Amino acid sequence: MNPLAQRIAALIAAQGPISIAEFMTIALHDPKSGYYARQDPFGVAGDFVTAPEISQIFGELLGLWCVQVWRDQGRPSRKRLVELGPGRGTLMADILRASRAAPDFPEGLEVVLVEASPRLREAQRKRLEGWTGPVRWAERLEEALGDEPLFLIANEFFDALPIRQFVRTSRGWSERMVALDVSGSLTFALAPQPARPPRTVPDAPEGAVLEYSAAASATCQEIGRRIADRGGAALIVDYGYEKPGGGETLQAVSRHAFASVLERPGERDLSAHVDFSSLTAGAAQVGAKTCGPVPQGRFLSDLGIARRLEQLIARNPEQRDALASQVNRLVDPAQMGALFKALAILPPTAPKPPGF
């Protein structure tokens, strides 16, 4: 076991099994040995590649989406653009570059990046050096909010939020925990007492697995509450499913390949598919309106990704094949086009945004 696994094992030995949510929180966010504290996971040299790293068009279209939604809501002079989990700053840089197509949008705009990792903050700072408007960083969402209309982007953020797992057994639902086996290694085990999940699936068969993220639901409620009250919009793009009961999706990834979830915590990315029905329910509970989710391929196509590709190829004909391959990866249903989905959160009276 690596040092973080040893610390987790000592914690379990002292107080008993811990939830998968607690395990994920430690493995991803431990300030000394957590994954995001010590790793640069993005890109070919990292563990996974996100859409902004695949093609600049992704961020450009999201930037133009923000501009159009802002226009649809009367062009408020003061506004706040927030990104959750901004990675290396690639997406925000592309969004801001594209937003300059509307010269009045950057006026009165404050940019806030919600990022706890000092390593990634520095990468983001370098990537945004060319932006002359105000930029600041926050460790938590609540620190990023203000009185202005909120325009929020979250790309592959919710999949990394901690989840709990519940398994349907002959005696009802039981929570899956992280425990120790006879050799002292980390293992999965079911809690001895039945537990009622926060959300249930009617007629789930024995052996069915239900995943639930309280953090995701609470975050969506906070976003929805602020947008319903102050205006703006949120755009969430992630991989996941539209109805409860998506099954067991918790996974670990290292060097672009699947790995064991419990082995070498802090050295591997952990994530789970997003339950979009939980996100929409959370936003609706606080009075916000939602649109979607819609497949990413359809969303980007409706925003004009093919036209933007033609423009880039015209300027860079020698890169035709590479540019077309990048876009195909984003929109092809067999790649990212179907599994990834887009969800918008809006004020209750706002018009339907582009792409939905």
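The questions and answers below go through several helices of this predicted model and the reasons for the words used to describe them.

Q: Why is S99 called buried?
A: The relative accessible area of S99 is 0%, and buried means under 20%, so S99 is counted as buried. This residue is found in helix α6, and, leaving aside its neighbours within four places in sequence, S99 is in contact with V67, F105, P106 and W131.

Q: What makes V67 a buried residue?
A: V67, whose place is in helix α5, has a relative accessible area of 5%; because buried means under 20%, V67 is described as buried. Not counting residues up to four places away in sequence, V67 touches S99, A102 and F105. S19 lies 48 residues from V67 along the chain, and the C-alpha atoms of the two are separated by 41 Å.

Q: Why are α5 and α6 called oblique to each other?
A: The two helices pack at an angle of about 55 degrees, with their axes 7 Å apart. Angles under 35 degrees count as roughly parallel, over 145 as roughly antiparallel and 65 to 115 as roughly perpendicular, with the rest taken as oblique, and α5 and α6 are therefore oblique. In this arrangement α5 passes α6 in a right-handed crossing, and the residues that make the contact include F58, L62 and V67 of α5 together with L91, I95 and S99 of α6.

Q: How do you know that α9 and α10 are oblique to each other?
A: The axes of α9 (residues 214-230) and α10 (residues 276-285) cross at roughly 40 degrees and come within 7 Å. Since roughly parallel is kept for angles under 35 degrees and roughly perpendicular for 65 to 115, the two helices are therefore oblique. Their crossing is right-handed, and the contact is made by A216, S217, C220 and Q221 of α9 and by S278, L279, G282, A283 and Q285 of α10.

Q: What span should the 17 residues of α9 have, and how far apart are its end C-alpha atoms?
A: At 1.5 Å a residue α9 should span 24 Å, and its end C-alpha atoms are 24 Å apart, which agrees. The buried residues of α9 include T219, I223, G224, R226 and I227, and just after this helix G231 takes a positive phi of about 90 degrees.

Q: Why are the buried residues of α13 said to line one face of the helix?
A: In α13 the buried residues are L323, V327, L330 and V331. Seen down the axis of α13, they fall within an arc of 85 degrees, so they line one face. Among the elements that cover these buried residues are α4, α5, α11 and α12. As for length, the 12 residues of α13 (residues 320-331) should span 16 Å at 1.5 Å a residue, and the 17 Å between its end C-alpha atoms agrees with this.

Q: What puts the buried residues of α7 on the same side of the helix?
A: Helix α7 (residues 118-127) has L120, R121 and Q124 as its buried residues. They cover an arc of only 105 degrees around the axis, which puts them on the same side of α7. What covers them includes β3 (109-114) and β4 (135-138), whereas the face of α7 turned away from its buried side carries the exposed residues P118 and K126.

How values were computed: Residues are numbered from 1 along each chain as its sequence is written. This is a predicted model: local features need pLDDT of at least 70, side-chain atom pairs count only at pLDDT 80 or more; totals for chains, interfaces and linings use all residues. Side-chain values use heavy atoms; hydrogens and water are left out. Buried means under 20% relative accessible area, exposed over 50%, partly exposed in between (1.4 Å probe, protein chains only). Helices (H or I, at least four residues) and strands (E, at least two) are DSSP runs, numbered from the N terminus. The arc is that of the directions from the helix axis to the C-beta atoms. Contact means heavy atoms within 4.5 Å. The expected span of a helix is 1.5 Å times one less than its number of residues. Axes are lines fitted to C-alpha atoms, for helices over the stretch in contact, and angles run from 0 to 180 degrees between N-to-C directions. A crossing is left-handed if the near helix is turned anticlockwise from the far one by less than a right angle, and right-handed if clockwise.
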